[in-house]
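Keep the structure open beside you as you read.

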Amino acid sequence: MGLFDNIFGRKPERSSNVAKERLLTVLVHDRVHLTPADMDQMKREIIEVIERYVEVSNPEAIEVTLTRGESADHLKADIPLGRTRSQ
Amino acid sequence: MAHIITLTSGKGGVGKTTTTANLGTALAMQGQRVVVIDADIGLRNLDVVMGLENRIVYDLVDVVEGRCRTRQALIKDKRFPELFLLPAAQTRDKDAVSPDDMVALCTELGREFDFILIDSPAGIEGGFKNAIAPANQVLIVTTPEMSAVRDADRIVGLVEAYEKGHPKLIINRIKPQMIARGDMMDTSDVVEILAIDLIGIVPDDESIVTSTNRGEVAVLDRNSLAGRAFHNIASRLLGNDVPFLVLEEKPSVLSQFFGRFRTRRT
Ligand SMILES: Nc1ncnc2c1ncn2[C@@H]1O[C@H](COP(=O)(O)OP(=O)(O)OP(=O)(O)O)[C@@H](O)[C@H]1O
Ligand SMILES: [Mg+2]
């Protein structure tokens with residue numbers, strides 16, 4: 001398919017595949033069953049713990065996301081750290 | 001013990017009532033004593049699909065509230081003497097029936113019937129809870145569409161939470177041409193997403209509409225492909241190993257290639 005894609009330009013993905021991908025993603029959220037309020041609370045608690053060990057540059061910028069993996073789904077936290085050298 | 005099977009879906013309009021009527025009839029055609037219960041209180045439908053709407057005297061709420069004996073409310077099918085319908089109440093309060101009432105009713109009916117099929121209302125509220133309370137097996141009906149599959153997933157979780165064992169899946173309204181074009185999820189996609197066992201696939205079929213118009217069911221029509229699909233599901237419920245109908249054709253690389261030419265020209 002790669003060759004054809006190159007010759008004829010990319011065709012939009014088949015809508016059944018789009019549906020399947022979107023569905024799998026939304027189901028990760030549905031199945032975990034975390035309310036937005038729970039998610040916020042969890043975020044605050046994660047920051048609290050992390051801040052005991054390292055300096056978090058901007059607690060507002062922390063991102064917690066649910067993603068789908070091959071064999072398991074993942075809860076990912078992205079925590080931006082400050083760049084100041086330790087004294 | 002009688003098979004007490006609830007058909008449910010989460011999303012409305014995916015084919016629960018159609019499936020209940022067809023499976024009930026198919027099982028009766030295979031010699032089983034069957035009662036189908038319309039648990040969709042307030043939105044009675046199963047009677048019309050089975051063509052029995054003119055014979056109703058008492059309904060489910062009358063039975064539960066003791067205004068008649070269970071036997072009096074059962075409507076005998078036009079063709080099969082061992083097939084009965086217990087209709088839903090049309091106007092009364094939805095909360096007139098409790099899960100315990102349903103369990104008691106099905107225990108009573110279970111002494112006389114081989115199969116009790118319960119047509120659940122859409123949703124996950126009281127009517128759904130009533131419908132699954134007596135079940136010893138749950139069939140989840142879905143179509144190959146996102147919102148139906150998403151709701152089905154929710155129902156799988158609930159059925160497991162209510163300790164009803166592993167539900168089985170019926171995929172209804174499959175459109176082979178759309179699958180071939182890559183515009184509809186196919187059986188394997190839906191099964192992979194929901195991760196439950198498949199018990200039947202039913203094509204989208206105009207004969208469902210024409211049969212329903214006449215108050216007949218597709219399983220009576222020898223030429224109906226959907227009817228054959230329902231017969232197969234009934235056989236599987238009886239423990240037979242029946243191959244699935246071949247409804248879909250995965251698009252070949254070649255057809256995708258030519259499909260591309262078509263899309264480019266239009
Ligand atoms: N395989 C099929 N092919 C074509 N039409 C179908 C098929 N299955 C169901 N239908 C049609 O879809 C409509 C909805 O079906 P049905 O009433 O059985 O769904 P339901 O899940 O019971 O709905 P509700 O949630 O409102 O109770 C009906 O008009 C029916 O004739
Ligand atoms: Mg219905």
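The paragraphs below go from the ligand to the pocket around it, and then to the cavities.

Before we start, keep in mind that this is a predicted model. Begin by finding ligand 1 and looking at its surroundings. There are 16 residues around ligand 1, and those that come nearest are B:Lys16, B:Thr17, B:Thr18, B:Asn172 and B:Asp205. Sorted by class, this shell holds five nonpolar, six polar and five charged residues.

Now zoom in on some individual atoms. A polar side-chain atom of B:Arg173 is 3.1 Å from an oxygen atom of ligand 1. The backbone takes part as well: a polar backbone atom of B:Val14 lies 3.2 Å from an oxygen atom of the ligand, while a polar backbone atom of B:Pro203 is 2.9 Å from a nitrogen atom of ligand 1. How much of the ligand does the protein cover? On its own, ligand 1 has 630 Å² of accessible area, and the protein covers 79% of that.

Which elements build this shell? In chain B, helix 1 (16-29), strand 7 (168-174) and strand 8 (197-203) each give two or more residues to it. Helix 1 of chain B makes the largest contribution, with three residues.

Rolling a probe the size of a water molecule over the atoms shows where empty space is left. The space that ligand 1 takes up is the largest pocket, and this pocket has a volume of about 470 Å³. It is lined by 25 residues, of which B:Gly13, B:Val14, B:Gly15, B:Lys16 and B:Thr18 are the closest to its centre. Helix 1, strand 7, strand 8 and helix 10 (206-213) of chain B each supply at least two residues of the pocket lining. By class, the lining has 10 nonpolar, nine polar and six charged residues.

Finally, turn to the cavities. The count of those with 30 Å³ or more is three, and the largest cavity holds about 50 Å³ of space. Its lining includes B:Thr25, B:Met50, B:Asp77, B:Arg79 and B:Phe80, along with B:Gly215, B:Glu216, B:Val217 and B:Leu220. Four of these lining residues are nonpolar, two are polar and three are charged.

How values were computed. Residues numbered from 1 in each chain as written. Chains lettered and ligands numbered in written order. Predicted model: local features only at pLDDT ≥ 70, side-chain atom pairs only at ≥ 80, totals over all residues. Heavy atoms only, no water. Near = heavy atom within 4 Å. Polar contact = N/O pair within 3.5 Å; in protein donor to acceptor, adjacent residues only side chain to side chain. Areas by Shrake-Rupley, 256 points an atom, 1.4 Å probe, with all protein chains shown as cover. 1 Å grid on protein atoms, 1.4 Å probe; cavity = no way out; pocket = protein on both sides within 12 Å on 5 of 7 lines; lining within 4 Å. Sits in = over half its atoms within 2 Å of the grid points. Helix = DSSP H or I, 4+ residues; strand = E, 2+ residues; numbered from the N terminus. Nonpolar A, V, L, I, M, F, W, Y, C, P; charged D, E, K, R; others polar. Points joined across faces, edges and corners; volume = space filled by probe spheres on them.
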